[in-house]
Amino acid sequence: MANKKFSQFTNQAPTVTTFVVGYDGTTNVRMPVSSVEGGWNAVTETTTSRSATDKEFIVINNSTCVITLPPPVAQYRISFKVTVVPVSIEIKTNTTGVNIDGTDYSSTGFPMGTQWEQRAVICDGTHWFWY
């Protein structure tokens, strides 16, 4: 690979086995593409329910809506923004025993009760935390 110009590389879509070569200051390193991917996926939710996925910025545009978090995976991040006057908007965990900041929200979700309210969660692999 020495002396190969950047323009000579083939552009390909990443897969779960794609790695990126980098330099950490002393040695070349191989990193999974997931460690350098950026971006959030902005979605507008107008229905009464949604199963959230990693890196979603969910704009809630229905006064009654339940957002269910996915099963816990370390480093998953999800953000929520309410753009309507809420009647019943809740954030729920996917199952009993999975908490958000120490509280089980699997049956009764965390209420988002104010227009323009915004929240975000991050996962440690076992539970979710507000940030």
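A nonpolar core is taken here as a set of buried Ala, Val, Leu, Ile, Met, Phe, Trp, Tyr and Cys residues joined through side-chain atoms within 4.5 Å, where buried means under 20% relative accessible area (1.4 Å probe, protein chains only). The structure is a predicted model, in which local features need pLDDT of at least 70 and side-chain atom pairs count only at pLDDT 80 or more, while totals for chains, interfaces and linings use all residues. Residues are numbered from 1 along each chain as its sequence is written, and side-chain values use heavy atoms, leaving out hydrogens and water.

The largest nonpolar core holds 22 residues, of which Phe 80 and Ile 91 touch the most other members. Two or more residues come from each of strands E5 (56-60), E6, E7 (77-82), E8, E12 (118-123) and E13 (128-130); strands are DSSP runs of at least two residues, labelled E and numbered from the N terminus. The most, 3 residues, come from E7. Contacts of Ile 91 (heavy atoms within 4.5 Å) include Ile 67, Phe 80 and Trp 130, not counting residues up to four places away in sequence.

Strands pair if DSSP finds at least two bridges between them. E6 runs parallel to E4 (residues 49-51), with 3 bridges, and Ser 49 stands opposite Val 66. E6 also pairs in the parallel sense with E8 (residues 88-92) over 5 bridges, with Thr 64 opposite Ser 88.

Notes: Helices (H or I, at least four residues) and strands (E, at least two) are DSSP runs, numbered from the N terminus. Buried means under 20% relative accessible area, exposed over 50%, partly exposed in between (1.4 Å probe, protein chains only).
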